[in-house]
Amino acid sequence: MSALHPCARIALVAGLVMVSAPNAVAQEGVGFRAAIGPDTVYVGQQASYTLIVVVPADVRQRLRRNPVFIPPEARAMLAYDLPMARTDPVREGAETHVFRRALFPLTAGRYPIAPAQLSYALPQSPSFFSREEERILRSEPMMLVAIEPPTRGRPAGWSGAVGKWTAVARMDAQSARVGDPFVLTLRVTGVGNATLLPRPVIVVPWANVVAEDERVVLDSTPTVLAGSKEFAWLVTPRVAGALEVPALEYAFFDPEARAYAVARTAPMSLRVRAGDLVTMPDRAGLTAASVVLPLRPLLSGARPLASDVAAWWGWLVLAAPLPWLLVSWRRRRPRRARVRTAAELLADPQSASPGRLRSLYAAALLARTGIRLEGATGRGVLA
């Protein structure tokens with residue numbers, strides 16, 4: 001047993017305890033037993049919850065439909081169903097099913113686990129039309145205790161990672177330019193819940209570092225949950241030359257060794273060429289004359305314009321509607337048509353009738369001499 005993985009040893013011991021438990025629930029030879037191991041874990045450490053169902057050969061032959069299995073609900077914990085195993089550790093001819101679930105408590109405390117339920121139905125007689133009688137089995141209730149990792153020996157860079165991990169770093173380019181970012185990736189691989197791994201804080205003295213996305217890959221075996229998680233950053237160089245990405249460190253707590261450890265990567269060399277990025281002097285070298293755009297410590301609103309500039313803008317605003325008013329006035333001004341005189345109309349006698357010509361002649365004579373023609377030719381005037 002010493003050659004097995006510690007998590008595998010825990011699951012094997014738990015299976016043996018389940019088979020020989022004095023309070024194991026059984027009915028008509030059907031066994032339904034539960035166990036959890038270990039029952040006390042650190043926050044973020046895996047606890048294996050196992051259920052074993054043993055169905056004798058005679059009961060299996062009498063079953064007309066599949067049994068219904070209801071696993072317990074894991075509250076305030078992360079639960080991952082591991083691959084089910086079908087073995088025969090109890091007796092020959094019996095069908096054994098093993099249900100495994102990985103539990104990860106997120107905070108310290110006591111976590112009660114409710115009993116699981118198994119229901120099946122058996123006919124009351126060998127007849128095909130016989131009625132069925134339902135059987136319900138319940139497993140034992142369990143209790144899981146979670147404790148915080150110890151504070152003694154805790155490194156400054158630890159942020160909650162629990163498990164056994166190794167780290168590898170890589171870059172997507174071997175050379176770069178000042179101002180052009182490249183991707184730096186840290187891959188953490190090992191045994192534990194990779195989804196709970198926090199992002200570490202990295203510092204590159206000669207570049208700006210911005211966090212990017214994360215990718216998780218889980219790998220479950222029959223007894224333990226493992227996987228990997230990748231953290232990516234965008235690194236933008238500020239200076240040119242032959243530079244080096246320092247070794248990255250990832251601190252974690254090993255629950256098997258009950259101690260903290262640090263996974264380190266190898267440093268990586270990088271050649272950075274000159275680019276178009278404008279470099280600013282250090283803050284210590286700045287003076288009052290070199291500050292181009294000083295920042296105001298308090299928000300005091302927009303700065304007022306100078307008096308001469310404000311006057312010009314005021315006159316420009318007042319004169320803006322004048323062109324529009326002038327154009328509108330000229331469009332709305334009515335145009336008076338010139339009235340032709342009677343003498344001008346008589347110059348074209350072909351365009352008027354005789355009666356019209358007489359009226360025009362009388363009007364022209366009145367305008368020239370002041371004599372009204374109708375007064376001189378009226379009836380009784382010569383009398």
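Predicted model: local features only at pLDDT ≥ 70, side-chain atom pairs only at ≥ 80, totals over all residues.
Residues are numbered from 1 along each chain as its sequence is written, and side-chain values use heavy atoms, with hydrogens and water left out.

Strands here are DSSP E runs of at least two residues, helices are H or I runs of at least four, and both are numbered from the N terminus. Two strands count as paired if DSSP finds at least two bridges between them. Strand 19 and strand 20 pair in the antiparallel sense, over 6 bridges. Their hairpin has 4 residues between the strands, and Arg258 takes a positive phi near 55 degrees there. Arg258 is not a glycine. Its place is in the loop between strand 19 (249-254) and strand 20 (259-264).

For accessibility, buried means under 20% relative accessible area, exposed means over 50%, and partly exposed is in between, with a 1.4 Å probe and protein chains only. Arg258 has a relative accessible area of 63%, so it is exposed. In strand 19, by contrast, 5 of its 6 residues are buried.

Two other backbone points. Ala76, also not a glycine, has a positive phi of about 60 degrees. Ala76 lies in the loop between strand 5 (68-70) and strand 6 (77-81), and counts as exposed because its relative accessibility is 54%. A cis peptide bond joins Gly37 and Pro38, with omega at about -10 degrees. Pro38 sits in the loop between strand 2 (30-37) and strand 3 (40-42).

Next, an open sheet of 3 strands, with the order 14-21-18 and mixed pairing. Strand 14 (175-177) and strand 18 (241-245) stand at the edges with a single partner strand each, so one side of each has no neighbour in the sheet. Neighbouring strands of this sheet are turned by 35 degrees against each other on average, direction ignored; the axes are lines fitted to C-alpha atoms, for helices over the stretch in contact, and angles run from 0 to 180 degrees between N-to-C directions. Strand 18 pairs with strand 21 (residues 268-273) in the antiparallel sense over 5 bridges. Gly241 stands opposite Val272 in strand 21.

Now the packing. A nonpolar core is a set of buried Ala, Val, Leu, Ile, Met, Phe, Trp, Tyr and Cys residues joined through side-chain atoms within 4.5 Å. Which residues have the most contacts inside the largest nonpolar core? They are Leu184, Leu186, Leu197 and Trp206, in a core of 29 residues. Among the elements that give two or more residues to this core are strand 13 (164-171), strand 15 (182-191) and strand 17 (225-237), along with strand 18, strand 19 and strand 21. A second, separate core has 25 residues, including Ala34, Val43, Ala47 and Met142.

With contact taken as heavy atoms within 4.5 Å, and residues up to four places away in sequence not counted, Trp206 touches residues including Phe182, Pro237, Leu243, Leu270 and Val272.
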